[in-house]
Amino acid sequence: MEKLYIGVDLGSTNIKVALYDEHFCLQDSKSVPVEYQRDGGVVEFDVWAYCEDLTQVLAQLMQGREGALLRSVSFTGQAESLVCVGVDGRPLMNAISWMDERSTDEAELLSHEFSLDEVAKTTGQLEISPAWPATKILWLKKHRCDVYNNTVTFMLLKDYVVFYLTGKKVADMSIATFSLYFDIYNKCYWEKMLSAIGIDENRLPPLVEPCTVAGKLLPDIAKRIGGTCNTEVNIGTLDHFAAMIGTGNVEPGGINLSMGTVMALATMAADQSPLGNDVAVHYGFEPDTYVLLPVAASGGVSLEWFRRTCMPQVDYGELNRVLAQRADCGQLLFLPYLVGTNAPEFDSDATGVFWGLRQGNDAFDMARAVMEGVAFLLRKNCQSLKAAGLPCDSILAVGGGTKSAIWCQMWADASGIPVKIPQEQEAACLGAAMIGAVADGHFASYAQAADVCVAMKETYLPNPSPYYEEKYRKFCGLYQATLKL
């Protein structure tokens, strides 16, 4: 009987589901958009409908495959979205998205109670943000006492979806990292933070290692989707970490680059948690490992902003064709800090800047300067990782930005690191399915799974040049100059 594996990416924009056979050939994939209710800084979604939509998509994938055996459904996806679960196991209100900013005041309150040094040494995080569930729970305590008092279990989204399918409440430690109440070094809930937000660990799911089998499908769920009561449900891991597995980046030395609206990097720490650096540290996808995950909000959004605002009649295909005919954009520089900057400076007041404009420059030169600016931001973050003592041998890139060969070559040239483009760009779904196959014993390890499942379609080797070295020096100097204004 043919064995099947499903990987699910619980995304913020879409739920993505991919079905693989036992040879890990993609059989089918589907997605369904996530619908939000927004009101100012409030961002919520119906988590029960979210789970029902997932169930329907799983059923659609399994339709007509009665002769096959679904071995596992494994998860990855967003981290911080909060679900308040009542005594009957159903949500007491909509899920509060990680994008929700209602708890800004609570984040400020906690920042006065906890130093950033204490937060970093306990949770690995470098800021107290309203994105963190701890701040949302404190907001509920102050503003929604009915929900706060009646919540039996505060769960993060991926953990709740697993509970919906299996009836088992567990908390993936790689996701708990983003709660602000998980001690990633002692692998336990942070009692001091729990006290500050007014709960104890009895109102949280038991912590388990990432990529753990939570249980089997509930009988009614198995019947609805075409699985069996022996189909395992694996909690998986964070989306960035699943993408590491899905690109074969399972040893120190490789850097995963996700170049979408946001630029995110992920790399494994070589030996132990590198305390004392300026990069956020997260509990990794294997026991007692750590992953560094610098994120820069000014990624692909910078190029999309410029194209939409300054050259709306030009699509990306034409932009790349024109830039391929030009050697460079001269001295023109761009600081891509349209929404401030996260890693490595964490400067929310930083702004975007064009510098060096001359009348000979046109919109295509400016677009290239934007692309170069993002490439220099990539280099800055890679250098920050190197300063933390991490090897940086290659960049494995996924996301919309990889569609531009010009831009991929810029990343390699600016960073001095080879850039590899995996054949499968939906690396998170693939990685999630690989997690299930390793847990099932189909593969002995993630490295063996990568040998079978992962292939590269393109490699961009760096071409060192005085042009990029000089411009990078000026790029850094320009940022420093803005701090004095």
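Tutor: A polar atom in the side chain of aspartate 347 lies 3.0 Å from the backbone nitrogen of aspartate 349, where a polar contact is a pair of N or O atoms within 3.5 Å, within protein one must be able to donate a hydrogen and the other to accept it, and residues adjacent in sequence count only if both atoms are side-chain atoms. The model is predicted, with local features needing pLDDT of at least 70 and side-chain atom pairs counting only at pLDDT 80 or more, while totals for chains, interfaces and linings use all residues. Residues are numbered from 1 along each chain as its sequence is written, and side-chain values use heavy atoms, with hydrogens and water left out.

Aspartate 347 is found in the loop between strand 21 (333–335) and strand 22 (353–355); helices (H or I, at least four residues) and strands (E, at least two) are DSSP runs, numbered from the N terminus. Aspartate 347 is buried and yet has no salt bridge, the nearest side chain of opposite charge being that of lysine 380, 8.8 Å away. Here buried means under 20% relative accessible area, exposed over 50%, and partly exposed in between (1.4 Å probe, protein chains only). A salt bridge is a side-chain nitrogen of Lys or Arg within 4 Å of a carboxyl oxygen of Asp or Glu, and for charge Lys and Arg count as positive and Asp and Glu as negative, with His and the chain ends not counted. Leaving aside neighbours within four places in sequence, aspartate 347 is in contact (heavy atoms within 4.5 Å) with Gly340, Thr341, Asn342, Tyr479 and Leu483.

At 34% relative accessibility, phenylalanine 346 counts as partly exposed.

A positive phi is also found at leucine 180, a residue other than glycine, where the value is near 80 degrees. Leucine 180 sits in the loop between helix 7 (173–176) and strand 11 (182–183) and is buried, with a relative accessible area of 1%.

The largest has 65 residues, of which Leu257, Met263 and Trp411 touch the most other members. Helix 13 (residues 363–387) gives this core its largest share, 13 residues. Apart from it lies another core, of 61 residues, among them Ala18, Ile175, Trp190 and Ala450.

Finally, the cysteines: the structure holds zero disulfides, a disulfide being a pair of cysteine sulfur atoms within 2.5 Å. The sulfur of cysteine 382 is too far for a bond, because the closest cysteine sulfur, in cysteine 392, is 5.7 Å away. Cysteine 382 is buried, with a relative accessible area of 2%. For cysteine 25, the closest cysteine sulfur is in cysteine 453, at 9.2 Å, which is likewise too far for a bond, and cysteine 25 is partly exposed, with a relative accessible area of 42%.

How values were computed: Core = buried A, V, L, I, M, F, W, Y, C linked by side-chain atoms within 4.5 Å.
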